[in-house]
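Morning, everyone. Let me put the model up, and then we'll go through rings, a helix and some strands.

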Amino acid sequence: MPDHRLPHRDQIHPEPCLGRVLFCSGVFQLPDIILETERLRIRPITEQDFANLLDLHSDPEVNRYLSCGPVPMPEAEVRSRLDRYIEDNKTAGLGKWKVETRNGEFLGRAGFSWHTEPAGWELGYSFRRNAWGQGYATEIATALVDWFFENTQHDHLIAFAVSEHLKSLKVMEKAGLTFWQNRHIEDEDLTFYRLTRADYGAQ
C-alpha cells in the first residue's frame with residue numbers, strides 16, 4: 001500500500017486520543033504496548049527497529065504491492081519510513097507500529113497513516129513472509145479497527161490496495177470495511193475500502 005506524508009498538524013486537527021494515548025506538552029505519548037490480541041501485540045516503532053524494518057523490506061515479495069515494487073527496498077527509503085513513523089506518532093498519536101508475537105518475535109508493521117486524496121486515516125500492514133498464511137493480518141487489522149474507533153474521535157477509516165491484490169482486499173473485508181471506490185493513482189489501479197464511525201457502531 002502506498003505511504004503518504006502527513007499534512008501539517010494544523011491542517012488535520014488531530015484529536016487527543018482517549019485513554020491509552022496521552023497528549024502532553026504538544027507531543028503524543030504512546031504506551032509500551034498499544035494493543036494485544038490472542039496471539040499478537042502492537043508496540044511503538046523506535047530507532048532500535050531499523051534493522052527489523054530493513055530485514056522486512058529486503059524481501060521483494062513483501063514489497064510487491066508497495067511503492068518500491070518487487071525489489072529490496074533501498075536502505076535510505078527504509079530510514080525515511082522509520083523517521084516518518086516515529087514523527088507521526090509524536091505529532092498525531094497515530095502511525096505505523098511494530099507487530100510482534102506475545103513472545104516478542106518481530107513479524108512486521110501495521111497501523112495508520114494519513115492519506116490526502118481521498119482524505120482519511122489509512123489502515124495498512126506488512127508482514128514477513130514466514131508469517132503469511134496464519135491469519136495474522138486479519139487478526140491485527142480487526143484489532144486495529146476496534147482500537148481506532150474506541151481511542152480516537154475520527155469519523156472514518158479507509159484502507160486500499162492494488163486492485164489485483166485480492167488477499168489484502170479480503171483482509172479489509174474481514175476487518176469490517178466495505179468496498180468504497182476504485183481509483184487510478186500514480187499509474188496503479190487501486191481499490192479503496194472504508195468504514196465510518198456510524199457503520200462501526202452498527203456492527
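Which residues form one aromatic cluster? They are W97, F112, W147, F148, F149 and Y200.

Ground rules, quickly. This is a predicted model, where local features need pLDDT of at least 70, side-chain atom pairs count only at pLDDT 80 or more, and totals for chains, interfaces and linings use all residues. Residues are numbered from 1 along each chain as its sequence is written, and side-chain values use heavy atoms, with hydrogens and water left out.

Back to the rings. The structure holds nine aromatic pairs. The cut-offs: rings of Phe, Tyr and Trp (its six-membered ring) pair if their centres lie within 6.5 Å, and planes under 30 degrees apart count as stacked, over 60 as edge-to-face, the rest as tilted. Take W97 and F112. Their ring centres are 5.7 Å apart and their planes stand at 85 degrees, so this pair is edge-to-face. The pair links distant parts of the chain: W97 sits in strand β5 (residues 96–101) and F112 in strand β6 (residues 106–116), 15 residues apart. Helices (H or I, at least four residues) and strands (E, at least two) are DSSP runs, numbered from the N terminus. Both W97 and F112 are buried, which means under 20% relative accessible area with a 1.4 Å probe, protein chains only; exposed is over 50%, partly exposed in between.

Next, W114 and W121. Ring centres 5.4 Å apart, planes at 75 degrees, so edge-to-face. W114 and W121 are buried.

The charged end of R194 sits over the ring of W180, 4.9 Å from its centre. The test is NZ of Lys or CZ of Arg within 6 Å of the ring centre and within 35 degrees of the ring normal.

Now the helix. α3 covers residues 75–92, 18 residues in total. From first C-alpha to last, α3 reaches 25 Å, close to the expected 26 Å; that expectation is 1.5 Å times one less than the number of residues. Buried residues in α3 include V78, L82, Y85 and N89. After α3 comes G93, with a positive phi near 70 degrees.

Last, the strands. Two strands pair if DSSP finds at least two bridges between them. β8 (residues 156–162) and β10 (residues 188–196) run antiparallel, joined by seven bridges. There, L157 stands opposite L195. β9 (residues 178–185) also pairs with β10 in the antiparallel sense, over seven bridges. Q181 stands opposite F192. β9 and β10 form a hairpin with two residues between them. E186, in that turn, has a positive phi of about 50 degrees.
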